[in-house]
Amino acid sequence: MTATMTTTGLGASIVMSVVQLVMIVLGGPIVLGVMAKVRARAEGRIGAPVHQPLRDLRKLLTKEPIHAEHSSAVLAIAPFVLVGTAAVAIAVSPLVTTAPVLAHSADLFVVVFLLLMGSVALALAGLDAGTAFGGMGSSRAMTIGALAEPALLVAILALSVQAGTSNLPKIVAATLAHPSWAAGPERLLAFVAFLIVVLAETGRIPVDNPSTHLELTMVHEAMVLEYAGPELAIVTLGEAMRLGFLLSLAASLFLPWGIATSTNPLNLLIAVVALSAKVVVIAVGVALLEVRTAKLRLFRVPELLTGGFVLAVLSVVTGLVTR
Amino acid sequence: MSGPGYVDALDLAAGAVLVCGVITLWRRDLRATVSALSLQGIALGVVAAVLAAHEHDVGLGVIAGLVLVAKGIVIPALLRRLVGHGPGSREGAASINVSASLVVAAALIVVAFLASGKLTALLPDTATHLTPIGLATVLLGFFLLVTRRKAVSQIVGLLLIDNGVALVAFLLTAGVPLIVELGASLDILLVVVVLRVLASTMHRTLGPFDLDQLRELHD
């Protein structure tokens with residue numbers, strides 16, 4: 001592993017990180033489209049084509065930018081912070097390759113805190129315009145985030161206990177070297193915890209319903225209510241990128257086969273195809289789960305997230321004991 | 001069965017026992033709780049079966065089958081009939097909320113792992129390493145008994161304790177003798193049948209069995 005890392009030049013690393021970035025920027029909205037399509041089909045509708053979210057983004061980008069009265073620079077900056085932090089997290093994480101740019105700094109804490117920074121920026125933007133809904137959405141999103149982030153950290157920590165390092169590319173490489181790890185109980189527990197966190201972080205159904213603007217229940221939609229036009233496009237893109245990133249990270253950490261360990265273009269192509277396939281499979285699974293379940297009452301959401309946290313803790317404990 | 005396959009299978013089955021224990025605390029729906037208990041019984045049977053296959057022990061294999069049928073199928077089926085269909089009868093009432101009890105569960109599990117460190121150090125092998133899971137299941141069972149107010153939840157707590165004890169017995173001694181295990185299993189089955197009959201009679205004469213409303217004894 002260290003050999004591949006040292007032989008991979010900086011230029012090649014940059015190329016591969018750009019490939020990851022382009023994949024998630026285009027793929028994130030398509031994952032959203034796929035999930036909407038699966039839901040539509042399960043409900044007996046035909047549904048919009050899978051690239052509909054990309055079309056929506058293009059439509060929004062051509063509109064006139066409008067800011068809420070009395071809003072400050074926070075409202076204008078937050079979308080860029082959201083997209084920027086997501087982009088950095090994507091560029092340094094092992095999604096397509098085990099040797100992305102800055103691989104030595106791609107620690108699990110760095111990646112989780114980058115995501116957290118984006119969430120905080122969005123919550124501040126929700127508060128900025130001073131509307132009732134924005135504040136309510138921000139407060140709810142922070143409550144959920146405060147429970148989800150520790151669970152995410154501990155779930156990835158379970159993998160790093162097993163691999164003996166908190167560096168994400170090294171965790172992926174260690175899993176490749178020990179295929180039997182993937183079926184162990186600690187991996188299964190951590191995967192379930194990770195999926196619960198993904199549902200919470202991206203505002204999917206048991207936690208939040210992305211397709212309604214019902215004031216009693218909305219969380220994420222309430223925060224971005226003040227956005228319109230190009231800025232709404234950037235916020236939506238940021239959210240899609242986070243969804244795509246978290247699903248890709250799940251695929252890479254738990255089922256890393258197919259990921260490129262060298263700079264060979266053919267390997268890279270295989271890695272891109274494998275990652276797309278894995279993410280689509282997980283996304284379809286999540287979408288089917290969403291169709292089957294009802295949204296939880298807001299006061300029951302902490303129960304779900306604490307459950308995820310306990311599963312993650314169990315995973316770490318099991319990992320420590322069975323070592 | 002031997003080699004890494006044995007280790008993985010044992011780890012997975014024992015892990016399933018622990019996760020099912022946590023799920024009984026997680027879900028409010030009593031039927032889901034009973035289903036988790038049923039899965040735990042099956043996982044316990046699988047643990048015994050894996051050990052039997054590893055040690056080529058026919059007696060243990062028979063016990064594994066008995067455990068699987070008794071704890072995985074028969075007892076949960078009896079409990080399921082007890083849950084009832086009336087309004088409010090499906091929700092388990094707890095004296096502390098679910099989030100708090102899950103955090104306590106995590107703490108209990110860590111305590112179990114810390115407390116049995118000395119025990120596992122005596123004979124370091126795959127099966128002994130998993131005994132903390134049995135202890136954790138016992139603690140979770142006690143916790144369920146203390147904090148839940150519905151009779152069904154309390155029976156589930158009792159059975160959780162029994163499952164934990166059985167798991168420790170299987171892992172440490174590769175199973176107690178067949179006759180002792182038979183006795184213990186039949187005993188538990190009898191207890192559940194008696195509790196079920198008792199609970200039904202109570203339900204018929206007194207209405208729903210929320211133990212907090214039981215203020216005085218009648219003769």
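User: In this predicted model, what share of the contacts in chain B with a separation of 6 or more comes from residues 24 or more positions apart?

Analyst: The model is predicted, and the share in question concerns chain B, counted over contacts with a separation of 6 or more. Of these, the part that joins residues 24 or more positions apart is 73%.

User: Which pattern does chain B follow when read along the sequence?

Analyst: Chain B holds nine helices and zero strands, and buried residues make up 43% of its 219 residues. The pattern is α-α-α-α-α-α-α-α-α.

User: Which elements of chain B give two or more residues to the side that touches chain A?

Analyst: The contact between the chains draws 20 residues from chain B and 16 residues from chain A. By class, the side of chain B that touches chain A has 15 nonpolar, three polar and two charged residues. The elements of chain B that give two or more residues to this side are helix H1 (3-26) and helix H4 (98-115).

User: How many residues of H10(A) are buried?

Analyst: Helix H10 of chain A covers residues 229-254 and reaches 38 Å from its first C-alpha to its last, close to the 38 Å expected at 1.5 Å a residue. The helix is mostly covered, and out of its 26 residues the number buried is 23.

User: Are H2(A) and H10(A) roughly parallel or roughly perpendicular to each other?

Analyst: The axes of helix H2 (residues 10-42) of chain A and H10(A) come within 7 Å and cross at roughly 95 degrees. Angles of 65 to 115 degrees count as roughly perpendicular, so the relation of H2(A) to H10(A) is roughly perpendicular.

User: How many nonpolar residues has the contact of H2(A) with H10(A)?

Analyst: On H2(A) the contact includes A:Ile24, A:Val25 and A:Leu32, while on H10(A) the residues include A:Met241, A:Phe245 and A:Leu247. By class, the contact has four polar and no charged residues, and the number of nonpolar residues is 10.

User: Over which residues of chain A does pLDDT stay under 50?

Analyst: Chain A averages a pLDDT of 88, with 97% of the residues scoring at least 70, and chain B has a mean of 82, with 88% of its residues at 70 or more. Where pLDDT is low, the predicted coordinates should not be read in detail. In chain A, the stretch under 50, for which the model has eight contacts beyond four places in sequence, is residues 1-6.

Notes:
Residues numbered from 1 in each chain as written. Chains lettered and ligands numbered in written order. Predicted model: local features only at pLDDT ≥ 70, side-chain atom pairs only at ≥ 80, totals over all residues. Contact = placed C-beta atoms within 7 Å. Helix = DSSP H or I, 4+ residues; strand = E, 2+ residues; numbered from the N terminus. Nonpolar A, V, L, I, M, F, W, Y, C, P; charged D, E, K, R; others polar. pLDDT = per-residue confidence, 0-100. Expected span 1.5 Å × (residues − 1). Buried ≥ 20, exposed ≤ 12 C-beta atoms within 10 Å, placed from the backbone. Axes fitted to C-alpha atoms, helices over the stretch in contact; angles between N-to-C directions. Parallel < 35°, antiparallel > 145°, perpendicular 65-115°, else oblique.
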